[in-house]
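The following paragraphs lead the reader through a single protein chain, step by step. Please keep the sequence and the structure in view while reading.

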Amino acid sequence: YMWTQSTGWQDITPAQFVGSDWVEVTDVSDDGNTWLGLNNGFTGTPGYFVASGSDVTMLTAPNGFGFSSVSAVNATGNIAVGGVTFGPTVRTQPAIWTNGVATVLPPVNGFQSSVLVDVSTDGGVAVGFAQVFDPLSSETPFVWTAASGSKPLTDYASDFGISLPSNVLGYLPSVSISGDGTVISGAARERIESMITAGVAEGAQPILDGRGAVVEGLEQGSFV
């Protein structure tokens, strides 16, 4: 289903998936005309797809890879990002689908599995998470650009003279990117501020309270 203020809820199940026991919408373009979905039922081809009106394009993994996992579409709906599985241990390599055609990106250096979760409008910048399994590590956010490939977020920020504390990255359960590719956001600030609030509620006295911090000239940033 899709909801808009003017039409309310509408059943947008593609004709070939009608009768399937599980079809879901996972992302939508800015104009609402193109959407990313997952058919996990028994009617039609299973897997991720992009739909626009009656046109449906399956987002499959290229030959030599296993199955695809698609996370998001860009603002115009013609680019999707996610990952494809490979190898006997079913690990994931980042991938971009442009007009339904998949391009598998090289693995993030130093990591065994990685997946993209959001992409800029032009497809030139994408963000995701990478992980090491031996030994098991927490997910590390990374940035991919068409010009320089994939880099951990700390290294990407360092290229712009920004130092990110490594312990803060552990509080990034989600990450996204603006349409123009210039702003990368996560939930780190909200998590840190909630921890400060909880401490105060339990009797702690913050000597320097950084909640709600605003930096002049950078009012849209996330600071504590």
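Rings of Phe, Tyr and Trp, with the six-membered ring taken for Trp, are said to pair if their centres lie within 6.5 Å; planes under 30 degrees apart count as stacked, over 60 as edge-to-face, and the rest as tilted. By this rule, the count for the chain comes to 3 aromatic pairs. One of them is formed by Trp-35 and Phe-49, whose ring centres are 5.5 Å apart and whose planes stand at 75°, so that the pair is classed as edge-to-face, the cut-off for that class being over 60 degrees. Trp-35 belongs to strand S4 (residues 35-39) and Phe-49 to strand S5 (residues 47-52), so the pair ties together parts that are 14 residues apart in sequence. Both Trp-35 and Phe-49 are buried. Together with Phe-17, Trp-35 and Phe-49 make up one aromatic cluster.

The model is a predicted one. The chain contains 2 helices and 16 strands. Of its 224 residues, 34% are buried. The accessible surface of the chain comes to about 12,600 Å², and carbon and sulfur atoms hold 53% of that surface. Among contacts in the chain with a separation of 6 or more, 31% are between residues 24 or more positions apart.

Strands of a sheet pair through backbone hydrogen bonds, either parallel or antiparallel. Here, an open sheet of 4 strands runs in the order S3-S4-S5-S6, and its pairing is antiparallel. Its edges are strand S3 (23-28) and strand S6 (55-58), each of which pairs on one side only. From one strand to the next, the twist of this sheet averages 30°.

The sheet may be followed from S3 onwards. Strands S3 and S4 are joined by 5 bridges in the antiparallel sense, and Val-25 has Gly-37 in S4 as its bridge partner. These two strands form a hairpin with 6 residues between them, and in the turn Gly-32 has a positive phi of about 75°. S4 also pairs with S5, again antiparallel and over 5 bridges; in S5, the bridge partner of Gly-37 is Phe-49.

Why is S4 described as largely enclosed by the rest of the structure? The reason lies in burial: 5 of the 5 residues of S4 are buried, so the strand is largely enclosed by the rest of the structure. Both of its faces are covered, with buried Trp-35, Gly-37 and Asn-39 on one side and buried Leu-36 and Leu-38 on the other.

A further open sheet of 4 strands has the order S7-S8-S9-S10, with antiparallel pairing. In this sheet the edge strands are S7 and strand S10 (101-104), each pairing on one side only. The twist from one strand to the next averages 30°. Strand S9 (residues 91-98) and S10 pair in the antiparallel sense over 4 bridges, and Ile-96 stands opposite Thr-103 in S10.

Which loop holds Asn-74? Asn-74 is placed in the loop between strand S7 (68-73) and strand S8 (79-86). Because its relative accessible area is 1%, under the cut-off of 20%, Asn-74 counts as buried. The side chain of Asn-74 makes a polar contact of 3.1 Å with the side chain of Thr-76, and it also reaches the backbone oxygen of Thr-121 at 2.7 Å. Leaving aside residues up to four places away in sequence, Asn-74 touches Ser-29, Ile-79, Val-119, Ser-120 and Thr-121.

The last stop is in a helix. Thr-197 is found in helix H2 (residues 188-201). Its relative accessibility is 40%, so Thr-197 counts as partly exposed, whereas Asn-74 is buried. Thr-197 and Asp-209 are 12 residues apart in sequence, and their C-alpha atoms are 9.7 Å apart in space.

Technical notes
Residues are numbered from 1 along each chain as its sequence is written. This is a predicted model: local features need pLDDT of at least 70, side-chain atom pairs count only at pLDDT 80 or more; totals for chains, interfaces and linings use all residues. Side-chain values use heavy atoms; hydrogens and water are left out. Buried means under 20% relative accessible area, exposed over 50%, partly exposed in between (1.4 Å probe, protein chains only). Contact means heavy atoms within 4.5 Å. Accessible areas come from the Shrake-Rupley method with a 1.4 Å probe; for residues, only the protein chains shown count as cover. A polar contact is a pair of N or O atoms within 3.5 Å; within protein, one must be able to donate a hydrogen and the other to accept it, and residues adjacent in sequence count only if both atoms are side-chain atoms. Two strands pair if DSSP finds at least two bridges between them. Axes are lines fitted to C-alpha atoms, for helices over the stretch in contact, and angles run from 0 to 180 degrees between N-to-C directions.
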